[in-house]
Amino acid sequence: MTKLTFIAHDGTHFDVDAENGSTVMENAIRNAVPGIEAECGGACACATCHVYVDEAWTAEVGEPEAMEEDMLDFAYDVQPNSRLSCQIKVRDALDGLVVRVPERQG
Amino acid sequence: MSGIISTDVLIVGAGPVGLFAVFELGLLDLKCHLIDILDKPGGQCAELYPEKPIYDIPGWPSISAQGLVDKLLEQVAPFKPDFTYNRMVSSLEKLDEGGFRVTTDENEVFEAKVVVIAAGGGSFQPKRPPIPGIEAYEGTSVFYSVRRMEEFRGHDLVIVGGGDSALDWTLNLQPVARSVTLVHRRPEFRAAPDSVNKMYAMQEMKELEFRVGQVTGLTGADGQLASATIKGGPDGDIEVPCTRMLPFFGLTMKLGPIAEWGLNLHENLIPVDTEKFETSVRGIFAVGDINWYPGKLKLILSGFHEVALMAQAAKRIISPGERIVFQYTTSSTSLQKKLGVSE
């Protein structure tokens, strides 16, 4: 199991055990992390699972692909460390990953 | 458009569930007219994820969302449904003689014996960008679509976005507006490369300005914009003159005017019974993602089941007293005739 931490907009920490191969978004939904809506269900079609990757992890998590960048245009308050959590797959190297949930989704 | 359009069943929403309703109602000899806010059938399947595979349609181990829409259109073609696109239903009125009168946002009038709401997540509407106070300027200085280009003549126009709408209007309104500033959060665009090249060429000629960044603030008074603040670009925070703004931030789904139809609602969903999928108003049904009942799952296949039962109830309302003989398409010659497959 890989450990992930979601920090909700009000500062609440959610520490979850995630299965490798699942998406960060799926783990947020399974653990009822507030502020992740995932309206389209993970099809990279809505930009409502937007998160900020903790600065210490941006290099390991990597850059969004073109399609995700396009979708991020529709997200709220996009920052250089913005990602759509449905496009980040959990793997061993992400053990300890911290992501922050924005104030709102779109 | 003048005159009232009459139909047996008016279906609000032409997504997969609305389309399959045409089939089930058609088998019972009911004629359908569908209204959709999009310019094409298919709803979310066509608009949000046409190329994505769906794996839980019975009998189709994998089918693309657009593929499913195409197959449904083929399946309902024998029943010759009518479609009205680019329209949002606005008001609904109950008629004394039975049935309903439904008006669209472009004032077309429909009369139907039964209304089926198959509106999914609601109607697609332009997304409001996250700019504080923007509501105060909507409809006067901020527009989400261009109805008349004259609205923009002589104005300092700021267009926000990186898709085809943003680029097309940047190019088309440049000759009309006093100044055009295109704002996008990055130098890459989703729009057609040809339009992007044209935009860059016009920037070279100083005919318009393209700025990387995000609009974070507006100034103005009484609904009239004066300027916009752009942050995040290489020049730091800058203020540009702005008396008209066109934000293109994609679409979101909202229940819209259906909320005012006097139906009972459950958190923006429409509660129905699970025998007929009828709302709190007799003769108005709700099927697919927009309805709610205990155990509801937002699956296309659940919507398919719902329309089959709904059709039986709709038939009883439209043809009271008529005996409905339950038949299978596999063996019924009369159903096969309706489908145009009988020998």
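B:D222 is exposed, with 8 other C-beta atoms within 10 Å. The model is predicted, so local features need pLDDT of at least 70 and side-chain atom pairs count only at pLDDT 80 or more, while totals for chains, interfaces and linings use all residues. Residues are numbered from 1 along each chain as its sequence is written, with chains lettered from A and ligands numbered from 1 in the order in which they are written.

Back to B:D222: this residue sits in the loop between β13 (214-221) and β14 (224-231) of chain B. Although B:D222 is not a glycine, its phi is positive, at about 50 degrees. Helices (H or I, at least four residues) and strands (E, at least two) are DSSP runs, numbered from the N terminus.

B:D29 also has a positive phi without being a glycine, this one about 65 degrees. B:D29 is found in the loop between α1 (16-27) and β2 (32-35) of chain B, and it is partly exposed, with 14 other C-beta atoms within 10 Å.

Twelve of the twelve residues of α1(B) are buried, so the helix is largely enclosed by the rest of the structure. Among them are B:P16, B:F20, B:F23 and B:E24.

Then there is the open sheet of chain B, where four strands run in the order β12-β11-β10-β16 with parallel pairing. Two strands count as paired if DSSP finds at least two bridges between them. At the edges stand β12 (209-212) and β16 (244-247) of chain B, each with a single partner strand, so one side of each has no neighbour in the sheet. Neighbouring strands are turned by 20 degrees against each other on average, direction ignored. Axes are lines fitted to C-alpha atoms, for helices over the stretch in contact, and angles run from 0 to 180 degrees between N-to-C directions.

Within this sheet, β10 (residues 156-160) and β11 (residues 179-184) of chain B pair in the parallel sense over five bridges, and B:L157 stands opposite B:V180 in β11(B). Helix α4 (residues 164-173) of chain B packs on the sheet, touching β10, β11 and β16 of chain B, and its direction makes about 160 degrees with that of β10(B). Contact means that the C-beta atoms of two residues, placed from the backbone, lie within 7 Å.

Definitions and conventions. Buried ≥ 20, exposed ≤ 12 C-beta atoms within 10 Å, placed from the backbone.
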